[in-house]
Amino acid sequence: MNVRDIMRLACGNLRRNPLRAALTTCGVTIGIGALVSMVSFGTGMQKNVGEALAKLDAFAAIRVLPRHAAMNGLWETQTSGESKALTDSVVSLVASLPGVEMAYPEVVVPVRLRVGGRERQTMAQVMPVTVGRYAPYKEMTWGRFFASDAAAEIACADHVLRRMGFQRPDSLVGSTVELVAAGLDPSALLRLFSSSGPPKAEEVLVPKLTQATLVGVWQHEEFGPAGMATLVMPQGLKERLGAIGSLFDLLGGFQAGGGYPAVYVRAASVEMVEPLVETFEAMGYGTFTVLNELKELKKGFLVFDALLGAVGTVALVVAALGIVNTMVMSVLERYKEIGIMKAVGATSAEVKLLFVAESAAIGLMGGLGGLVLGWLVTIVANAVANHFLLKQAAAEVNFFYIPWWLVAGEVAFALAVSVVAGLFPARRAARVDPVQALRYE
């Protein structure tokens, strides 16, 4: 028998008991479907994080910290060791270093944003106008970046406005908004040194209000690094507002001997990031770069993908046991038929190959069906997840990604598992004695 004859016989044998073949194929389909949906979730998360960081052009950014940094991951920052303040003179020194394109201190102010009678608490980051040359501020989704360091203009992420109930953030570009922040009352501070006693906290910290124009809105990246600004304003507007940072920032500043909590540095190129990090650490400062954290993140994704794949593989192993059971039953039912095949000239190798071919056919059909099932599961799961995201005014996200290597790999894996599962019953069929089989009733 040639290969064509064996494949024709294998398909014919499966059609003789279609219900059993279909149920066994369904087992493989479910196993492959689970494997595809789980692995595609891991690849989707990895793709989303990589694309978000590339879109934000964050690989050339360095965050210089006043202390030696101990990073626990992309989303956490801890500092330890001897502190060294980041003063204005240090910022100027950092900005003058070769390979540094831009450096500015981290100044964050808690504010209440009021638009159209609605308000929301958020964190406003003070930035120089030169930041507008880089992503995500270079090309705003709607509008533009503020025009100068003295302009009474702000820009904010779309999810801030969506959570305030505005489903069309673009319609607010050009609107006048109000910013309310905590400021110090000078008259209350003077009472610290008077005989009338110290003032109350609410007398020292008073609300400051100013108006500004919302000139730009950018789309928030759900998988961007933590700490991304949600509202940005120029230094001139902050001074006009008369806002101070949080009390924790003030206390932290006193404990660290003054200075900024961090300095953002933009390297001239990604290749300059590592030399600059070595320079800053030699100066006694800690650093944090997305580039280094991404390397650690990739290792974590490998472990994550392996765990998801292991869960899906368990379902496929159960399906393989179903193939073994089906093929063993087939050997017992076709015991006399196998004896006739060998009596008319079929060799043991050809009989063995016939049963392996039947297992492979089940694996191939189950693998293709599993791909379709896995694809449908990802569509449903993605729709359900985005339904809850939209209810929280977040942007839609494609959580799953099925690359070509996953399509080819899953079919090949299903085929390989089915062939291995069919080896045991095939060997039993090959060892059938034709004389005893012909006497079998």
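## Basis of the description

Helices (H or I, at least four residues) and strands (E, at least two) are DSSP runs, numbered from the N terminus. The model is predicted: local features need pLDDT of at least 70 and side-chain atom pairs count only at pLDDT 80 or more, while totals for chains, interfaces and linings use all residues. Residues are numbered from 1 along each chain as its sequence is written, and side-chain values use heavy atoms, with hydrogens and water left out.

## Overall composition

The chain has 14 helices and 13 strands. Of its 441 residues, 44% count as buried (buried is under 20% relative accessible area, exposed over 50%, partly exposed in between; 1.4 Å probe, protein chains only).

T287 is buried, at 11% relative accessibility. The side chain of T287 makes a polar contact with that of E281 at 3.1 Å; such a contact is a pair of N or O atoms within 3.5 Å, where within protein one must be able to donate a hydrogen and the other to accept it, and residues adjacent in sequence count only if both atoms are side-chain atoms.

## Nonpolar cores

A nonpolar core is a set of buried Ala, Val, Leu, Ile, Met, Phe, Trp, Tyr and Cys residues joined through side-chain atoms within 4.5 Å. The largest has 32 residues, among which V28, I338, V351 and F355 touch the most other members. Two or more residues come from each of α1 (3–16), α2 (18–55), α10 (290–333), α11 (335–343), α12 and α13 (404–430). Helix α12 gives the most, with eight residues.

Beyond its neighbours within four places in sequence, V28 contacts L316, A319, I323, I362, G363, G366, G367 and A414. A second, separate core of 25 residues includes V109, A124, C156 and L179.

## Salt bridges

The structure holds twelve salt bridges, each a side-chain nitrogen of Lys or Arg within 4 Å of a carboxyl oxygen of Asp or Glu. E337 pairs with R16, the closest N and O atoms being 2.8 Å apart. This pair links helix α11 to helix α1 across 321 residues. E337 also pairs with R334, at 3.9 Å between the closest N and O atoms. E337 is partly exposed, at 26%, whereas R334 is buried, at 7% relative accessible area. R16, R334, E337 and E358 are linked in a network of salt bridges.

Note on methods. Contact = heavy atoms within 4.5 Å.
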